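Student: Please take a close look at one part of this model for me. I would like to understand its salt bridges.

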Amino acid sequence: MTHNEENWLDLEEGTGQEWTVEPESARERIDKYVKSITGDEYSRSQIQLWIENGNIAVNGEQVKSNYKMNAGDTVTLTIPDAQPVEIVPEAIPLDIYYEDSDVIVVNKQRGMVVHPAPGHASGTLVNALMHHCKDLSGINGELRPGIVHRIDKDTSGLLMAAKNDMAHASLAAQLKEHSVTRKYYALVHGHVSHDQGTVDAPIGRDPHDRKMYTVIERSSKPAVTHFQVVERFGDYTLLELKLETGRTHQIRVHMKFIGHPLVGDPLYGRSKGIKMQGQALHAAVLGFVHPANGEYKEFSAPLPDDMEELLHSLRNR
């Protein structure tokens, strides 16, 4: 079995998977090879610990982290069962836009991670929600209680969380049906000549860099982004974008695909031009049907100060 994206994405704790080393990966260290497959999911030190403990083997034999592979080697990876993780509620201030016994809507600040992950065990939105709410749905497991959808760490804006399993199921179904209203504002590089348009291009993991996503036909999912020009600043453009689907890094990947990457984007952006901490992307509008009473709710959050200041400087240069 050759290693590909679907193999890794389908791998669960306590199960095994194996890959046959392709010629282009020959002479690569085993720890580096496995890291390229797992991407951001696990650190290299974690992978080296697995090698030391025998969770990773080559041709059925335990090896060291500096083992250099040969074409045709069979690499076996068994993710050990997860140890219980206790998420500690933290008194982190939340910008709450709406809250009742079923749903909470918050305006996430740029720089905050949505849920705990390797390297981010605390200081996340989930830590803050657990302190504030006391009651969150359990459908997504103990690491992601209440989380129905997420936005990137360096994207600001509106996010909804479910307080019970009924609400979670309803909101998740609306997301799957593409009936949730999600509008973003983004400052992108370049002069976008069309006043409006649609990017309909499938997104999957970048085969050359597992941390990134790209427009690709193989091992991908459909992705549709609608955009409209709000304001032009010569070599920069402010866009309003509406998501029809919700793929990881969708707006960032689609904007790069059409030649207009987001300002400040550390993964998909440009090194030249104006700078900011994280991508200039804000989830400005969020609308959904309330799980309990069937009423349509819609919320709007203004641009964060750093984006407003950036736009002000562009208007006055």
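Tutor: A salt bridge here is a side-chain nitrogen of Lys or Arg within 4 Å of a carboxyl oxygen of Asp or Glu. The model is predicted.

Start with aspartate 195 and arginine 232. Their closest N and O atoms are 2.8 Å apart, which makes the pair a salt bridge. Aspartate 195 sits in the loop between β8 (181-189) and β9 (196-200), and arginine 232 in strand β12 (residues 224-232), so the bridge ties together parts 37 residues apart in sequence. Arginine 232 is partly exposed, at 32% relative accessible area.

Now take glutamate 231. This residue pairs with arginine 315, again as a salt bridge, with 2.8 Å between the closest N and O atoms. Glutamate 231 belongs to strand β12 and arginine 315 to helix α7 (residues 305-315), so this pair ties together parts 84 residues apart in sequence. Glutamate 231 is partly exposed, with a relative accessible area of 23%. Arginine 315 also counts as partly exposed, at 43%.

Two further cases round out the picture. Glutamate 295 and lysine 297 meet through their side chains in a salt bridge, at 3.7 Å from N to O. Glutamate 295 has 44% relative accessibility, so it counts as partly exposed. Elsewhere, salt bridges link Asp152, Arg252 and Asp265 in a network.

Terms used
Residues numbered from 1 in each chain as written. Predicted model: local features only at pLDDT ≥ 70, side-chain atom pairs only at ≥ 80, totals over all residues. Heavy atoms only, no water. Helix = DSSP H or I, 4+ residues; strand = E, 2+ residues; numbered from the N terminus. Buried < 20%, exposed > 50% of the residue type's maximum accessible area, 1.4 Å probe, protein only.
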